[in-house]
Amino acid sequence: MDADEVLKGLARESVKQGENLRTAVRELTLNALRGRELTVEQIKRVVSAVTQGVNLGAASSKMEPERVLGEAF
């Protein structure tokens, strides 16, 4: 599994946890960026993977999707 897939899975799991979602997504994003070269391409990949993971988590969450997305982003 590549790093982007792992990141997507971690974002999805953060949504499932539900608590401190904003903090969890922020820390996940920052940690992913720290582990990569800071190029526009890498930043786009991190943001894309986190966004996809949050969307997947929101789709299967018991919370309202609008609330999940509002807290995550």
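This is a predicted model: local features need pLDDT of at least 70, side-chain atom pairs count only at pLDDT 80 or more; totals for chains, interfaces and linings use all residues.
Residues are numbered from 1 along each chain as its sequence is written. Local features need pLDDT of at least 70 and side-chain atom pairs count only at pLDDT 80 or more, whereas totals for chains, interfaces and linings use all residues; side-chain values use heavy atoms, with hydrogens and water left out.

Me: In what order do the elements of the protein run from the N terminus on?
Reply: Helices (H or I, at least four residues) and strands (E, at least two) are DSSP runs, numbered from the N terminus. The protein has four helices and zero strands. From the N terminus on, the order is α-α-α-α.

Me: What share of the 73 residues in the protein do buried residues make up?
Reply: A residue is buried under 20% relative accessible area, exposed over 50% and partly exposed in between, using a 1.4 Å probe and protein chains only. Of the 73 residues, the buried share is 34%.

Me: With the side chain of which residue does the side chain of aspartate 4 make a polar contact?
Reply: Aspartate 4 lies in helix H1, residues 3-17. Leaving aside residues up to four places away in sequence, aspartate 4 touches Arg36, Arg45 and Ala49, where contact means heavy atoms within 4.5 Å. A polar contact is a pair of N or O atoms within 3.5 Å; within protein, one must be able to donate a hydrogen and the other to accept it, and residues adjacent in sequence count only if both atoms are side-chain atoms. At 2.5 Å, the partner side chain is that of arginine 45.
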